[in-house]
Amino acid sequence: MAAAPTPPTPKRPGKPKPRRIRPTGDTPPPSPVRHYADFTAALLAWFQTGARDLPWRRTRDPYAIWVSEIMLQQTQVKTVIPYWERWMQHLPTPGALAAAAPETVHKLWEGLGYYSRGRRLQEGARVIQTEHGGVFPHDFAAILALPGVGRYTAGAIASIAFNQPRPILDGNVIRVLARHYGIAGNPRARAVNETLWSLAQDLVTTAATASAPPRAASAFNQALMELGALVCTPRQPQCPSCPVRAACVARRTNRVGELPATPPRPEATKRWFVAVIPEWAGRYLVRRRPEGGVNAGLWEFPNLEFTGAAATSTGADPVAAARAVLGPVPCAPTPLATVRHSITRYRITLTAHRAVVTDAVAAAALPGEWRTPAELAALSFPSAHRKLCDRLPHPARPTV
Ligand code: SF4
């Protein structure tokens with residue numbers, strides 16, 4: 001009698017099988033077996049003691065976590081903390097945000113930059129009100145459908161707030177995974193990017209299904225980001241104190257400095273602006289930026305962008321600047337300040353002159369709105385123009 005066939009070993013449901021990661025680029029292939037469980041366990045243990053106490057980590061409120069994730073895009077944690085606290089104090093729920101005046105949203109965002117993020121948050125809050133009855137959606141597809149929410153942000157909210165095993169992949173996570181698993185090639189290139197997403201998925205699934213602390217998917221994704229922010233940093237990573245150093249491919253093969261193989265950023269572009277600030281009867285002339293453009297809805301002083309030699313010559317000549325920016329005005333402008341700031345790849349120099357207008361008819365003919373220092377303080381300006389407010393003879397300091 002033939003022996004009965006051996007039944008196949010049952011698979012543990014939901015647990016990803018360690019698999020070979022396809023090498024990309026021209027570097028040697030990474031070692032074949034990935035010990036996901038070791039990696040996730042080490043990282044979770046480290047996170048329990050090594051994590052920073054950040055205010056949005058003290059809550060599971062998906063709205064609060066959404067706000068923090070949007071604010072943290074391209075912005076450092078220490079900058080975000082006071083903004084997030086102030087926002088949550090003024091607009092603690094999606095309903096409060098949906099009902100807020102756009103000026104309130106602008107004011108609470110003032111100084112954070114990339115102002116469209118604040119506007120998209122409000123659009124999202126209105127979707128939550130109209131389509132989800134004011135309750136933040138739990139369903140991943142519904143989270144992903146919110147305005148301004150991409151794959152990373154949806155994964156962060158779903159995992160951190162709802163403990164769903166959804167992957168995340170931002171700059172910090174890319175760096176940790178590319179180094180630890182020796183993944184070469186441009187991480188923004190489609191094939192490499194999908195390899196990283198797939199790895200992030202396997203890891204968070206492992207964390208959620210292995211015997212691990214409660215809310216392990218939430219803790220694991222935060223641990224991954226935290227390792228990239230505190231230990232596996234872009235420059236001078238702290239490999240000797242890294243909790244996953246033993247299995248790190250980049251460390252073992254001496255390629256920490258090469259990975260991730262992100263292409264160099266394009267060189268910064270310099271731009272020059274000249275502003276002229278008319279002053280009349282203790283008021284200053286401002287105008288609102290048009291809808292649909294950069295910094296839409298924010299206020300600014302009259303200004304123009306100049307290129308080439310005209311930027312330097314006009315910036316240095318208050319009379320030429322006033323003529324160019326305002327047209328002929330009966331005033332004698334004087335230099336006020338030069339401020340510099342960076343936004344995306346632009347390095348901006350803004351030279352400002354103050355023009356005291358004494359003729360009421362001429363003042364009335366200038367396009368814009370006249371505001372007192374106290375009124376300026378209540379308006380929302382892009383950072384460079386807010387700095388100019390501080391340089392006025394009667395500084396207009398925000399009060400919100
Ligand atoms: S050992 Fe170094 S390179 Fe590897 S994951 Fe840790 S900090 Fe990053």
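Modeller: Happy to. Two strands pair if DSSP finds at least two bridges between them, and in β6 the bridge partner of E279 is V356. Please keep in mind that this is a predicted model.

Colleague: Then what makes β1 and β6 a pair, and in which sense do they run?

Modeller: Strand β1 (residues 269–280) and strand β6 (residues 346–356) share eleven bridges in the parallel sense. Pairing takes at least two bridges, so they pair.

Colleague: How do you know that β1 and β2 pair, and how many bridges do they have?

Modeller: β1 and strand β2 (residues 283–288) have two bridges, in the antiparallel sense. The cut-off is at least two, so they pair. W280 stands opposite R283 in β2. The hairpin they form has two residues between the strands, and A281 takes a positive phi near 50° there.

Colleague: Which sense, parallel or antiparallel, do β1 and β4 take?

Modeller: Antiparallel: four bridges join β1 to strand β4 (residues 303–306).

Colleague: What joins β5 to β6?

Modeller: Nine bridges, with strand β5 (residues 334–343) running antiparallel to β6. P335 faces H353 of β6 across this pairing. β5 and β6 also form a hairpin with two residues between them, where T344 in the turn has a positive phi of about 45°. Across the chain there are 17 helices and seven strands.

Colleague: Why is S383 called partly exposed?

Modeller: S383 has 17 C-beta neighbours inside 10 Å. Buried would need 20 or more and exposed 12 or fewer, so S383 falls in between and counts as partly exposed. S383 lies in helix α17 (residues 383–391).

Colleague: Which residues does S383 contact, beyond its neighbours in sequence?

Modeller: Leaving aside neighbours within four places, S383 is in contact with G111, G113 and H341. S383 and G113 are 270 residues apart along the chain, yet their C-alpha atoms are separated by 7.4 Å. For the chain as a whole, take contacts between residues at least 6 apart in sequence: 66% of them join residues at least 24 apart.

Colleague: How many residues does the largest nonpolar core have, and which have the most contacts inside it?

Modeller: That core has 99 residues, and V67 and L177 have the most contacts inside it. Domain 1 (36–252) and domain 2 (269–391) both give residues to the core, so it lies between them. As a general background, nonpolar side chains tend to be buried together in soluble globular proteins. Of the 400 residues of this chain, 40% count as buried.

Colleague: What does V67 touch?

Modeller: Not counting residues up to four places away in sequence, V67 touches W84, W87, M88 and L121.

Colleague: Which residues come nearest to the ligand?

Modeller: C232, C239, C242, R245 and C248 come nearest, out of 15 residues around the ligand. The elements giving two or more residues to this shell are α9 (171–180) and α12 (249–252). α9 gives the most, with three residues.

Colleague: How do the residues of that shell divide into nonpolar, polar and charged?

Modeller: Ten are nonpolar, two are polar and three are charged. Arg counts as charged and Cys as nonpolar.

Key. Residues numbered from 1 in each chain as written. Predicted model: local features only at pLDDT ≥ 70, side-chain atom pairs only at ≥ 80, totals over all residues. Core = buried A, V, L, I, M, F, W, Y, C linked by C-beta atoms within 7 Å. Domains from an automatic or database assignment. Contact = placed C-beta atoms within 7 Å. Near = placed C-beta within 6 Å.
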